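Visitor: I have a structure open and would like to learn how to read it feature by feature. Could you walk me through it?

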Amino acid sequence: MEAQVLAALHEASGPATAAWVQERLGGDLAYTTVMTILSRLHAKQAVTRERSGRAYVWTPAADEAGLAALRMRRVLDGEPDRDAVLTSFVSALSAHDEQVLRALLDRATADGPATTDGPVTADGPAPAGDPAAESGTDRRR
């Protein structure tokens, strides 16, 4: 249902009300259900909302690719062994996907320092127990 609501929001010419989304989905879902879905998407940072009178208007926070990336990050963040998940994911990439990833990493390196979600050392992510990891200090190679 979240995907259907997001698809409807992407079709909107601008911010949309929950009633508009409900109508766009054919009215099969109750208004309260649409509001619940939109609220959950907001909590996941997949949509933004702004007051318009007594109601909210909703907007997708990113395009489809950005939303897919958000879902991937959430899955990765929920795993206890992030390194193992990344290793498994990268080892299963197609040759083309690997080339795209390498080009993106090369471009990021050429662009200079960037912020990250977690501490990074010259050798990659700071290991558990590392003072940088515990202090939240970012270091980028």
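Visitor: Let's start with the second largest pocket. Which helices each supply at least two residues of its lining?

Guide: Keep in mind that this is a predicted model. As for the general idea, rolling a probe the size of a water molecule over the atoms shows where empty space is left. Here, H1 and helix H4 (64–77) each give at least two residues to the lining of the second largest pocket. H4 gives the most, with 5 residues.

Visitor: How much space lies in the second largest pocket, and which residues line it?

Guide: About 160 Å³. The lining includes Glu-2, Ala-3 and Leu-6, along with Leu-41, Lys-44 and Ala-46. Leu-67, Leu-70, Arg-71, Arg-74 and Val-75 line the pocket too. Sort the lining by class and you get 7 nonpolar, no polar and 4 charged residues.

Visitor: Glu-2 and Lys-44 are both in that lining. What do their side chains form?

Guide: Side chains of opposite charge can pair when their charged atoms come close. In this case, Lys-44 and Glu-2 meet in a salt bridge, at 2.9 Å from N to O. The pair ties together distant parts of the chain, 42 residues apart: Glu-2 sits in helix H1, and Lys-44 in the loop between H3 and strand E1 (47–52).

Visitor: How many salt bridges does the structure hold?

Guide: It holds 4 salt bridges.

Visitor: On to helix packing. At what angle do the axes of H1 and H3 cross?

Guide: Look at the directions of the two axes, then at the residues between them. Helix H1 (residues 2–11) and helix H3 (residues 31–43) have axes that come within 10 Å and cross at roughly 85°. Angles of 65 to 115 degrees count as roughly perpendicular, so that is how H1 and H3 lie to each other. On the H1 side the contact is made by Glu-2, Val-5, Leu-6 and Leu-9, and on the H3 side by Ile-37, Leu-38, Arg-40 and Leu-41. By class, that contact of H1 with H3 has 6 nonpolar, no polar and 2 charged residues.

Visitor: And how do H4 and H5 pack?

Guide: The axes of H4 and helix H5 (residues 82–91) are 9 Å apart, at an angle of about 135°. H4 and H5 are therefore oblique to each other. Met-72, Leu-76 and Asp-77 of H4 meet Arg-82, Val-85, Leu-86 and Phe-89 of H5. The contact of H4 with H5 divides into 5 nonpolar, no polar and 2 charged residues.

Key
Residues are numbered from 1 along each chain as its sequence is written. This is a predicted model: local features need pLDDT of at least 70, side-chain atom pairs count only at pLDDT 80 or more; totals for chains, interfaces and linings use all residues. Side-chain values use heavy atoms; hydrogens and water are left out. Axes are lines fitted to C-alpha atoms, for helices over the stretch in contact, and angles run from 0 to 180 degrees between N-to-C directions. Helices (H or I, at least four residues) and strands (E, at least two) are DSSP runs, numbered from the N terminus. Angles under 35 degrees count as roughly parallel, over 145 as roughly antiparallel, 65 to 115 as roughly perpendicular and the rest as oblique. Contact means heavy atoms within 4.5 Å. Ala, Val, Leu, Ile, Met, Phe, Trp, Tyr, Cys and Pro count as nonpolar, Asp, Glu, Lys and Arg as charged, and the others, Gly among them, as polar. On a 1 Å grid over the protein atoms alone, a cavity is a set of points where a 1.4 Å probe fits but cannot get out, and a pocket is an open set with protein on both sides within 12 Å along at least five of seven lines; lining residues have an atom within 4 Å of a point. Grid points are joined across faces, edges and corners, and a volume is the space filled by probe spheres set on the points.
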